Amino acid sequence: MKKLILFVAVISTGLLAFKPIANIWSVDNAHSKLGFEITHLMLTDIEGSFKNVESKITASKADFSDAVVELTADVNSVNTDNEKRDAHLKAADFFDAEKYPKLTFKSTSFKKVGNNKYKVAGNLNFHGVTKPVTLDAVLKGINVNESTKKETAGFKVTGTIKRSDFNFGSKYPTAMLSNEVNLNANVQFGKN
């Protein structure tokens, strides 16, 4: 009987100690874009992106349903294809890049809601403000990159935030700049 109890205890301890191995996926910046879009004068949508981005996904499940996403963007790398506008965006009226040089996001959940579709909740921080946001993500696929020989995953991520939630461009009324800012990212991650 003692041997049976000892055997069960050893097996139970082994099962409790078993933890799936987490895989880390790093962003491939050459094949990724973190972008945004805002409406100017209620007439045209102005697009921009960040050129310097670091991001990784940590997940132990093959379907990413337990994934944690971490992202940091250098605010000074904002690019709207207009140097004067980019300089204004970096100034105190908007990003205030000197005071707040980074934009960060860390997920709190990565929930599968359909075939290759996810709701990604997390905390977005920029301009000195942190707010919870929920984004939509689609896993476009996973395959092996022939150049790097690494397993590669592609995601399209979209969502909308309100600039007023982040004190962003607060002196500009919505007739000039929409309160809603659309986020859109097409991102490739290589498995480390």
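User: How do I read strand pairing here?

Analyst: Two strands pair if DSSP finds at least two bridges between them. Strands are DSSP runs of E, at least two residues long, and helices are runs of H or I, at least four; both are numbered from the N terminus. This is a predicted model, where local features need pLDDT of at least 70, side-chain atom pairs count only at pLDDT 80 or more, and totals for chains, interfaces and linings use all residues. Residues are numbered from 1 along each chain as its sequence is written, and side-chain values use heavy atoms, with hydrogens and water left out.

User: Which residue in β6 is the bridge partner of S49?

Analyst: The partner is N79. Strand β6 covers residues 78-79 and pairs with β3 in the antiparallel sense, over two bridges.

User: How many bridges join β2 and β3?

Analyst: Seven. Strand β2 (residues 33-40) runs antiparallel to strand β3 (residues 44-50). I38 faces I46 of β3 across the pairing. The two strands make a hairpin, with three residues between them. In that turn, L41 has a positive phi of about 55 degrees.

User: How do I read an aromatic pair?

Analyst: Take the rings of Phe, Tyr and Trp (its six-membered ring); they pair if their centres lie within 6.5 Å. Planes under 30 degrees apart count as stacked, over 60 as edge-to-face, and the rest as tilted. By this rule there are 13 aromatic pairs.

User: Why is the pair of F94 and Y172 stacked?

Analyst: Their ring centres are 5.1 Å apart and their planes meet at 10 degrees, so the pair counts as stacked. F94 sits in the loop between α2 (83-90) and β7 (102-114), and Y172 in the loop between β10 and β11 (177-191), so the pair ties together parts 78 residues apart in sequence.

User: Are F94 and Y172 buried or exposed?

Analyst: Both are buried. Buried means under 20% relative accessible area, exposed over 50%, and partly exposed in between (1.4 Å probe, protein chains only).

User: What about F126 and F166?

Analyst: This aromatic pair is stacked too, at 4.5 Å centre to centre and 15 degrees between the planes. F126 lies in strand β8 (residues 117-126) and F166 in the loop between β10 and β11, so the pair links parts 40 residues apart in sequence. F126 is buried, because its relative accessibility is 5%. F166 is buried at 1%.

User: Which residues do ring pairs link into a cluster?

Analyst: The cluster holds F36, F50, F94, F95, F126, F166, F168 and Y172.
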